[in-house]
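Welcome! Please take a moment to look over the sequence and the 3D view before reading on.

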Amino acid sequence: MTREEAAEILQRIALLLELKGENPFKIRAYKTGAEVVEAYAGDIMQLAADNQLAGIKGIGEALRDKLHEMATTGKLQFFEKLKAEFPDGLFELFDIQGLGPKKIAALYSQLQVGSVADLKRVCVSGEAAKLSGFGDKTVVKILESIAFRAEHASEFRIDQVYALALDLLDTLRAHPAVSRAEVCGSFRRAKETVHDLDFLVSTRQPEQVIADFVALPQIEKVIVQGGTKASVYAPNGVQCDLRAVSSAEFPFALNYFTGSKEHNVVMRQRALDRGLSLNEYGFTPTEVGASLSPEIQEIHDEREIYRALGLDYIEPELRENSGEIEAAAQGRLPALIQLENLRGVFHNHTTASDGRGTLREMAEAARDLGLQYLGIADHSKSSFQANGLNEQRLRAQMAEIRVLNAEFEGHFRLFAGSEVDILKDGSLDFDDDLLAELDYCVASVHNVFNLPEAEMTKRIIRAIENPHVTMLGHVTGRLLLQRPAYAVNIPAIIDAAAETGTIIELNASAWRLDMDWRWWRLAKEKGVKCSINPDAHTTQGLEAVLFGVRAARKGWLTRNDVVNCLPLGQIEGALKKQRAD
DNA sequence: GCCGTTTTCGGCCCGACTGTTTTCAGTCG
């Protein structure tokens with residue numbers, strides 16, 4: 001059993017115990033245990049199998065035994081018994097906004113609701129509204145949440161498919177009969193969520209490649225399998241399509257299946273204007289008897305397709321028909337930022353608040369990634385749920401950071417910051433004197449999400465106008481596929497940030513990717529700088545910058561637009577200048 | 001269920017908001 005599976009079981013136990021109304025602290029102990037298992041630096045499952053778990057904080061005697069059982073038998077009797085008391089579908093009810101353990105338990109015990117489908121039924125029939133603690137508004141909220149969920153059914157966040165995509169791609173590339181392989185579709189275009197994964201290979205033996213693909217251990221179920229195409233499900237429900245084409249067709253198929261549809265339409269029109277018809281197999285002349293120019297006959301990669309149409313190469317991320325074709329025709333496409341351009345990252349948490357790495361561990365992980373600096377920004381005191389720091393603890397952390405920086409002797413630098421809560425009225429959780437002592441400060445909204453748009457906008461702008469606020473955190477508070485953005489006027493926020501020189505964060509967590517890529521071109525035009533922030537709560541969490549860079553590229557950003565591309569020697573001055581302006 | 005200890009039991013993260021209530025329970029962050 002993998003650590004992820006073990007952690008998931010502990011999480012599920014916590015949910016089931018909540019349903020049973022168990023002691024909340026016992027429940028928390030299971031949740032903590034799950035988090036520890038997930039984040040532990042070391043082979044925790046091997047340690048569990050060897051009975052070597054003693055001394056790990058958060059794992060006591062009971063969890064030690066349970067982990068041992070899971071590691072050695074691949075099962076947990078305690079969980080199996082507990083699970084048997086409830087229908088499987090109950091778990092999905094926890095995803096519905098406004099439903100917690102108490103309401104779910106009431107729905108189950110009184111109306112036998114055991115799935116989202118049941119839930120919808122009793123909401124529509126009026127039975128749910130009659131339950132004690134429920135009312136019309138509750139039901140409306142539940143139905144809205146069910147609708148939101150249905151709207152995004154079979155969509156996946158990028159972190160849910162990333163490893164799978166690379167794994168299958170590597171496998172395909174390693175196949176002896178495959179000469180080229182790519183992931184196309186929205187994955188290649190770096191959309192914030194994807195519906196499925198589209199793989200494309202070039203080969204002379206399509207049937208063999210497809211037969212080998214559907215037989216891979218990663219594949220759960222074959223949906224369709226033909227001579228040049230197969231559709232399958234991977235274990236987590238991700239649909240994967242594979243298409244096999246010839247080497248000559250490959251660039252055209254790659255272009256076609258990368259999309260977007262809108263981009264393809266304009267490309268085909270542009271081809272027609274040049275007397276060519278473009279499809280996923282190649283160019284064909286539109287006039288009978290006409291022949292293809294030698295240049296077009298020798299197309300080996302996507303770049304040459306664009307060249308043939310009088311265009312600079314358009315990176316996949318930009319292919320949304322939002323001005324990229326015009327820019328490519330005029331030679332004014334931006335040189336998009338690359339992961340290697342990042343020199344440091346801001347907005348990261350440690351064990352001081354709700355993170356799981358210590359200052360030192362986070363710093364070491366950042367150095368291992370080749371970064372020159374790491375900005376710490378633990379939660380502020382109002383975020384109780386996240387163990388936010390009060391003034392005293394924040395000052396203690398600043399002192400600790402100074403000590404570590406002395407130790408690094410200039411080879412690496414920690415920046416002392418805070419993710420300070422923007423309170424309901426737009427004031428901040430710390431006073432200006434304390435904020436002035438910090439190297440930088442991220443201001444974020446963490447509560448009261450339901451303000452009217454004008455009020456929320458005013459609230460955030462007030463925070464932006466505080467000269468101590470270096471950057472604005474996750475602008476809309478959205479959680480992809482789970483919680484929509486709160487109402488806020490983003491152009492007004494961008495204007496305010498431009499006015500005050502406040503940086504806007506591109507929160508790189510796969511759950512957020514906030515501010516959305518669709519707004520960055522506007523921000524850039526207005527002169528607003530971006531900071532790609534992993535919002536890491538663990539050492540591995542730093543790697544989310546990868547998703548952030550994808551989103552930044554999709555937002556047309558270059559290294560010059562992103563402050564954390566500045567090397568250590570320059571970032572400090574930039575932060576100071578930002579705060580002085 | 002975990003932790004720490006004044007060592008075997010008491011404390012464990014708090015507050016705002018919502019919608020249901022008619023004084024508060026449940027959810028969320």
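What follows is a short tour, from the whole chain down to single residues.

## The chain as a whole

You are looking at a predicted model. Chain A holds 26 helices along with 16 strands. How does its radius of gyration agree with that of a compact globule? For 581 residues, a compact globule would come out near 25 Å, and chain A has 26 Å, so the two agree. Along the principal axes, the C-alpha atoms fill a box of roughly 80 × 60 × 55 Å.

Contacts tell us how the chain comes together. If we take the contacts between residues at least 6 apart in sequence, 67% of them join residues at least 24 apart. Of the 581 residues in chain A, 51% are buried.

## Surface and charge

Charged side chains come next: chain A carries 66 positive and 83 negative ones. How far apart do the centres of the two sets lie? The separation is 2 Å.

How many disulfides does the structure hold? The count is 0. Cysteine 184, for instance, is in no disulfide, and the nearest cysteine sulfur belongs to cysteine 240, 12 Å away.

Cysteine 184 has a relative accessible area of 1%, so it counts as buried. Cysteine 123 is buried too, with a value of 5%.

Methionine 70 sits in helix α4, which covers residues 61–73. Is methionine 70 buried or exposed? Its relative accessible area is 0%, so it is buried. Setting aside residues up to four places away in sequence, methionine 70 touches Met1, Ala6, Ile9, Leu10, Lys75 and Leu76. Methionine 45 lies 25 residues from methionine 70 in sequence, and their C-alpha atoms are 8.5 Å apart.

Alanine 496 belongs to helix α23, residues 490–500. With 10% relative accessibility, alanine 496 counts as buried, because the cut-off for that label is under 20%. Beyond its neighbours within four places in sequence, alanine 496 is in contact with Ile461 and Ile464. Isoleucine 460 is 36 residues away along the chain, and its C-alpha atom is separated from that of alanine 496 by 9.4 Å.

Glutamate 85 is placed in the loop between α5 (77–84) and α6 (90–93). A relative accessible area of 39% makes glutamate 85 partly exposed. Which residues does glutamate 85 touch, not counting those up to four places away in sequence? They are Lys20 and Tyr108.

For a sense of distance across the model, take glutamate 85 and leucine 272. These two are 187 residues apart in sequence, and 64 Å separate their C-alpha atoms.

Most residues other than glycine have a negative phi, and most peptide bonds are trans.

Where do we meet cis peptide bonds? One joins glycine 259 and serine 260, with omega about -5 degrees. Serine 260 has its place in the loop between α14 (250–258) and α15 (261–273). Another cis peptide bond links aspartate 514 to methionine 515, with omega about 15 degrees. Methionine 515 is found in the loop between β15 (503–507) and α24 (520–525).

Positive phi values turn up as well. Asparagine 387 has a phi near 60 degrees, a positive value in a residue other than glycine. This asparagine 387 is in the loop between β11 (373–379) and α20 (391–408), and it is partly exposed at 37% relative accessible area. Glutamate 409 has a positive phi too, near 50 degrees. Its place is the loop between α20 and β12 (413–421). Is glutamate 409 buried or exposed? At 61% relative accessibility, glutamate 409 counts as exposed.

Technical notes:
Residues numbered from 1 in each chain as written. Chains lettered and ligands numbered in written order. Predicted model: local features only at pLDDT ≥ 70, side-chain atom pairs only at ≥ 80, totals over all residues. Heavy atoms only, no water. Helix = DSSP H or I, 4+ residues; strand = E, 2+ residues; numbered from the N terminus. Rg over C-alpha atoms; globule rule 2.2 N^0.38 Å. Buried < 20%, exposed > 50% of the residue type's maximum accessible area, 1.4 Å probe, protein only. Contact = heavy atoms within 4.5 Å. Lys, Arg positive; Asp, Glu negative; His and termini not counted. Charge placed at Lys NZ, Arg CZ, Asp CG, Glu CD. Disulfide = S-S within 2.5 Å.
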